[in-house]
Amino acid sequence: MVAGAAAAQDRVLWRNPGAVERIDFRYPAGGATYQPVRPYHFVSEDFTGSSPKVVIRDAASVNWRVKGGYEIKSESFATRLAAALGYYAESNCFVRKARIEGVPPLRRAAPFVHSDGWFVNAALERRDPELRFLAQDWAWNYNPFLGTRELQGLKVLMMLLSNWDNKDARDRAIGSNTGILEQRVKNRVQLIYFVNDWGQTLGAWGADYRPKGWDCTRFTAQTEGFVRGRDGDKIRFGFVGLHTDEFANDVRVEDARWLLGYLGRITNPQLRTGLRASGATAAECRCFTTALRKRINQLRRASRIPRASGR
């Protein structure tokens with residue numbers, strides 16, 4: 001799926017998602033047709049990043065990256081929410097248990113994928129055959145969308161989910177979390193700007209950077225400090241990340257109002273459905289939904305938009 005609307009010629013960051021309140025959060029970004037189809041066949045081992053990974057091909061001849069580790073649930077949910085709000089996100093499916101056929105002896109992924117091909121608790125990330133990953137990325141303070149409500153809305157979403165790991169082109173030495181995809185549409189090249197890693201979400205932000213995603217106790221504890229107040233036409237956030245200044249003190253009231261035009265229409269049942277599809281327990285579904293609704297209503301108050309229950 002490509003979510004984007006041109007903010008500059010040939011460059012894409014966002015597109016109008018339409019009736020967000022009707023999106024089925026059971027499915028990953030792209031919808032029901034963007035799910036893996038069994039059986040799975042081994043392609044290669046992937047040594048990038050910090051988590052063990054392998055690449056597989058499904059019965060529909062689509063490649064998927066199978067990722068283990070502590071980020072899989074948070075990334076599965078966060079990509080659903082980002083796509084529902086009109087931002088490009090990779091289709092990401094949480095899988096409790098499955099088997100890969102034709103697995104050879106593995107190196108780093110050996111504890112994750114057993115010798116008989118079985119694995120448990122993984123994220124399957126779709127490798128869209130129509131998109132090409134470029135070797136370049138972008139920075140939050142240098143890109144074609146500076147000052148636009150679409151970019152500012154993406155910053156709010158990052159803070160809403162406590163995604164402190166907002167690395168960009170300035171952080172290539174430790175791995176940027178922004179990327180650009182190339183797609184050819186009717187003899188035109190379209191460049192899609194997106195966040196390519198949502199793993200460190202639904203936990204805590206802060207200066208003590210370490211793996212801390214998918215922790216509702218910590219997420220809830222910081223919720224009251226999500227919105228700190230207003231300075232004129234700017235909203236102040238409690239967020240602390242790798243690039244705090246370009247986030248916590250840079251969002252205008254009008255930016256938050258624009259995002260709430262979409263975010264505010266997402267219902268609590270949708271949130272719970274997405275969390276459940278991402279591996280959350282019943283208690284985690286209740287906890288995260290309550291905290292997210294509180295954060296959304298803080299945005300409403302700061303933007304002077306009437307509070308909504310989320311049903």
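What share of the contacts in the protein with a separation of 6 or more comes from residues 24 or more positions apart? The share is 65%, where contact means heavy atoms within 4.5 Å.

## Basis of the model

This is a predicted model, in which local features need pLDDT of at least 70, side-chain atom pairs count only at pLDDT 80 or more, and totals for chains, interfaces and linings use all residues. Residues are numbered from 1 along each chain as its sequence is written, and side-chain values use heavy atoms, with hydrogens and water left out.

## Overall form

The protein has seven helices and 13 strands. These are DSSP runs numbered from the N terminus (helices H or I, at least four residues; strands E, at least two). The C-alpha atoms fill a box of roughly 60 × 50 × 40 Å along the principal axes.

For 311 residues a compact globule would have a radius of gyration near 19 Å, and the protein agrees, at 19 Å. That radius is taken over C-alpha atoms, and the globule rule is 2.2 Å times the number of residues to the power 0.38.

## The barrel

Five strands form a closed barrel in the order β3-β4-β5-β7-β6, with mixed pairing. Two strands pair if DSSP finds at least two bridges between them. From one strand to the next, the twist averages 50 degrees.

Strands β3 (residues 40-46) and β6 (residues 92-101) run parallel and are joined by two bridges. His41 stands opposite Glu101 in β6.

## Val66 in β5

Val66 is found in strand β5. Val66 counts as buried because its relative accessibility is 0%. Beyond its neighbours within four places in sequence, Val66 has contacts that include Pro52, Val54, Ile56, Phe112, Phe119 and Leu124. Ala109 is 43 residues from Val66 in sequence, with 10.0 Å between their C-alpha atoms.

## Helix α1

Helix α1 lies across β5 (63-67), β6 and β7 (118-127), and runs at about 125 degrees to β6. Axes are lines fitted to C-alpha atoms, for helices over the stretch in contact, and angles run from 0 to 180 degrees between N-to-C directions.

The axes of α1 (residues 72-84) and α6 (residues 268-277) come within 8 Å and cross at roughly 145 degrees. On the α1 side, Ser76, Phe77 and Arg80 meet Leu271, Gly274, Leu275 and Ala277 of α6.

Notes:
Buried means under 20% relative accessible area, exposed over 50%, partly exposed in between (1.4 Å probe, protein chains only).
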